[in-house]
Amino acid sequence: MPEPEIRPFRPEDADASAPLFRRLIRGQIHTGPAIRHWVESQPPRARMQAWTVVEGDEIIGWGNAHLRWSVQADDLAGCWIGVLPEHRNRGLGSELYRLAEEHARSLGARRFTSFVSEDRDEGRAFARHRGFREGRRDQNWELEVVAAELTGRQVPEGAEVMRLREVVERERDLFELFDAAHSDMPGDDPYTLEFDEWLREALGDPTLDRDVSSVVLVDGRPASFAWINADREGGYGQNEMTGTHPDFRRRGLARLAKEASVRWAAEAGIRTLCTSNDTTNADMLALNEHLGYRPTHVELELTKRLDRGEPGA
């Protein structure tokens, strides 16, 4: 067997990377097109770099680093490092991390973020050894669609529940809704989006299922939404985002949108839906519980200061 090779990610690596992502990151859609889109849709200002570890015909490791372009901070970079368990303790993760931190420092980042599942002790130890501290917590959930507790609530007067496909040409209106809902999500830094970047990264995602994603209009104005990224072949979907414009909150519109998307997902043959929420987002946590989602695992945000001390090992 030849020695593992660490090299820059190539578009043709996407399909071969999917098995690694499915094993190491739960609760997301991991197909070749999804991985390729995620890398290629990063805007130029993100200065994205990604690496794969190749052994024979198999991708056994992955790393990336980039500026966090969707938050209002120019000193914040993010990374993720993953090596298949059977190939650990060979220095591959350490070398991937060295490349990632080196790239982040070259971009002028002073803060570095990543994430790890709370029940992955080896990953948490790897991060602690390199100076990361654990911070915010995201609760991950799964819903067996046939067991969803849907109320079939009445649509309020003046409101319409539409499939995304029916309104997808209203790009600016959809962006304004998405941006308004996204901007006050829980986080340590305020979120911000640019239309052209959002158009490519979110609305242009090949896994965004326009037939099961919903948009609620109130008097013709997009007011709430529940979008799903789907792998129909695998029967799996991910709640990309659910949100309501601040002008329309406290009317039950998010539940209306989410129930519609769950119902349409079932009709499309999607068996399982996953989602995640910051553990301080009480309203969305309660909504997921009411709909029948069950908690699966907690994801921890990791943060490290790059302007203090020496580079990590």
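Mentor: A residue counts as buried when its relative accessible area is under 20%. The model is predicted. Tyrosine 97 has a relative accessibility of 1% and therefore counts as buried. Phenylalanine 132, at 8%, is likewise classed as buried.

A search of the whole structure finds 15 aromatic pairs. One of them joins tyrosine 97 and phenylalanine 132 in an edge-to-face arrangement, with 5.9 Å centre to centre and 75 degrees between the planes. This pair links distant parts of the chain, 35 residues apart: tyrosine 97 belongs to helix α3 (residues 92-106), and phenylalanine 132 to the loop between α4 (121-129) and β6 (133-144). The angle of 75 degrees is over 60, so the pair counts as edge-to-face.

A further edge-to-face pair is formed by phenylalanine 175 and phenylalanine 195, whose centres are 5.5 Å apart and whose planes make an angle of 80 degrees. Here too distant parts of the chain are linked, with phenylalanine 175 in helix α6 (residues 171-183) and phenylalanine 195 in helix α7 (residues 195-203), 20 residues apart. Both phenylalanine 175 and phenylalanine 195 are buried. They also belong to one aromatic cluster, together with Phe178, Trp198, Phe225 and Trp227.

Charged groups complete the description. The charged end of arginine 172 sits over the ring of phenylalanine 195, at 3.7 Å from its centre. Arginine 130, in turn, lies over the face of phenylalanine 126, 3.6 Å from the ring centre.

Notes
Residues numbered from 1 in each chain as written. Predicted model: local features only at pLDDT ≥ 70, side-chain atom pairs only at ≥ 80, totals over all residues. Heavy atoms only, no water. Phe/Tyr/Trp six-rings, centres within 6.5 Å; stacked < 30°, edge-to-face > 60°. Helix = DSSP H or I, 4+ residues; strand = E, 2+ residues; numbered from the N terminus. Buried < 20%, exposed > 50% of the residue type's maximum accessible area, 1.4 Å probe, protein only. Lys NZ or Arg CZ within 6 Å of the ring centre and 35° of its normal.
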